[in-house]
Amino acid sequence: MARKILLNYSAERVQEPILATVIKETGLTFNILYAEFTGRGGEILLSIEAPDQEVDKAIELFRKKGVEVREIKRAIHLDRELCIDCGACLSLCPSGALFQDKDNTVMLDEDKCVYCELCVPSCPVKALELSRF
Amino acid sequence: MVNLGKTVVNKSVDEINEKIRRGEAVVVTAEEMVEIVREKGPIGAAKEVDVVTTGTFGAMCSSGAWLNFGHSDPPIKMQRVWINDVEAYTGVAAVDAYIGATQLSETKGMEYGGGHVIEDLVRGKEVEVRATAYGTDCYPRTEIEIRVTKDDLNQAVLCNPRNAYQKYTAATNSRSETIYTYMGTLLPRFGNVTYSGAGELSPLNKDPNYETIGIGTRIFLGGAQGYIFWEGTQHNPTKALGTIMTVGNLKKMDARYLRGATIPKYGTSLFVGLGIPIPIINERVAKTAGAGDDEIRTNILDYGVPRRDRPVIREVTYAELKSGKVRIGDRDVPVSPLSSLKRAREIANVLRKWILEKSFFLTEPVERLPTDEVFKPMKQAVAVPFVRDIMTKEVVTARPGDSIASAAKIFAEKGFDHLPIVNDEGKLVGIVTSWDIAVAVATKKKKLFEIMTSRVITAKEDEPVDLVARKLERHGISGLPVVGPSGELKGIITTGDLSKLLRR
Ligand code: SF4
Ligand code: SF4
């Protein structure tokens, strides 16, 4: 499964091409799940699909460049046994992690999840569960 | 059956049943029928197809079950009864009770309710029954506690006063806050749309003239065979909002098609699986049974306006709703179905299988359902007043750049607690309370914008006051500024205004 890391930039760092440099130096592909910049700095949530050591290396690099890095250790689970495919969760999911396939089966692509947790309480049969570890 | 005019193709239900018996009946699902009618036209389809099966699987709050517990020794005339801490209605004979889907557990609240009790019974789980009574000469016992499964009950009958809405309106929310409704969680500023009903699979949509569906019609109910025994409550066929009352043996049902549910911050309900076979007796029925999602329309209503007649945002087809995105203004808004299309389709297929296996035969209605009924609103003795009627219109306001000291003076002189802060255009940008001022005096802050609350909870002029009372209570505050459509300040409503109303 892809690992997710949250980058926190200070205002001074926002201008620097840090992300591009790390991509170049590690040769990894990052999936940007969301990014937000304000006057006070910025936040980027990345999803990285790569062997653990390489992800660790990327984290090191970000830290060296003055970016605060936090790994998001959460997991979301859709229990297909309980799910009734009602779709109540679909329009609440901002990331497209919850989607419907051709025959209207509701599915979860955890790699896209940003752990907003909007879907969990909306499920009428408690088929969605979020765990932290 | 009914005389709605001459038709070219004419088949009776008996003839169709005979074909089923001989294994010659052509049975298709409603989705397949849409294609067939499109290809062959209603007459061609009516000649070819004998039965169209439909299905829906959605939360149907107006559902419940009659249970009979048998007599204890010494006997008890149950006056109040709880099943797994969910109260059931027992204002009937000694040991009969009705467990309703939306009744909440007295210990678990919205986590568990009547719908869950029904699911647990269907699953064969043991439930705890607790009853109290006043005791009579013939029923001396005043208390009892037993554990039973459905097998211990004499009868367990699913009996739903209103099921299978022909179609239903879709919902969205114009307000600036998330709201929790029976139409699910509605995100702020038209953030999503929810809808219910299976569109072209939905049973009553397929025979909107009630030519073949009526009292006595045998149906798929909760995984077993059940019946329609009356029109549903609020049956409103003239507006294409017909409903049915249904009944069936709970003991034979399957939890796959009967699931307890919790609608967030709204309450509990029961997902009911229901399917009706439509005998294709003529081309008129073939045509309605073949209506596609692109022909079935409903309105998207603004649930942000808490009134009985909610404003229509726009009309929409089920085809657009099922696409997962609906256009509102210049945006594509994500859509959630609240009933399961997948399981609706599964029900239509199961029903087809039963018919092909000759374990399910069609029925001719004993009596027709009314087609001219209208749904009356509640007769209310006193109309609920609106914010407009009781709000204070002359409001003292301040600007964000005004000093805290000047505001303190206003509070002291006028003796009120809320000071709305407006910008040059008269739009509300914040609020300051006397409490904020009291706290600010101890700090170095000087201007109102430093201490004002800018995420203000507001009311609208056409909101009923009881809703305002709920907002005040929920947020633990004592007043709400009233704003117009573009945020301009119109007045203020406080707990004081509300209590004046009570004294009136
Ligand atoms: S927590 Fe749920 S709603 Fe939020 S992104 Fe993940 S799957 Fe989607
Ligand atoms: S809300 Fe729950 S039951 Fe409905 S589709 Fe989503 S996960 Fe499945």
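Guide: Buried area is the accessible area, taken with a 1.4 Å probe, that two parts lose on being put together, summed over both. The model discussed here is a predicted one.

Visitor: How much area do chain B and chain A bury between them?

Guide: The two chains bury about 1700 Å², and 51% of that lies on carbon and sulfur atoms. On the side of chain B, the residues that lose the most area to chain A are B:R259, B:P337 and B:K342, which together make up 29% of what that side buries.

Visitor: And how many residues does each chain bring to the contact?

Guide: Chain B brings 23 residues and chain A brings 22 residues.

Visitor: How many salt bridges are counted between chain B and chain A?

Guide: The count is one. It joins the side chains of A:K126 and B:E111, at 3.6 Å from N to O.

Visitor: Which elements of chain B each supply at least two residues to the side that touches chain A?

Guide: These are the strands β21 (258-263) and β27 (331-337), together with the helix α6 (341-356). By class, the side of chain B that touches chain A holds eleven nonpolar, seven polar and five charged residues.

Visitor: Changing topic, how many disulfides does the structure hold?

Guide: Zero, over all chains.

Visitor: Is A:C123 buried or exposed?

Guide: A:C123 is buried, because its relative accessible area of 12% is under the 20% cut-off.

Visitor: Then why is A:C116 classed as partly exposed?

Guide: A:C116 has a relative accessible area of 37%, so it falls between the limits of 20% and 50%.

Conventions
Residues numbered from 1 in each chain as written. Chains lettered and ligands numbered in written order. Predicted model: local features only at pLDDT ≥ 70, side-chain atom pairs only at ≥ 80, totals over all residues. Heavy atoms only, no water. Contact = heavy atoms within 4.5 Å. Salt bridge = Lys/Arg side-chain N within 4 Å of Asp/Glu carboxyl O. Helix = DSSP H or I, 4+ residues; strand = E, 2+ residues; numbered from the N terminus. Nonpolar A, V, L, I, M, F, W, Y, C, P; charged D, E, K, R; others polar. Disulfide = S-S within 2.5 Å. Buried < 20%, exposed > 50% of the residue type's maximum accessible area, 1.4 Å probe, protein only.
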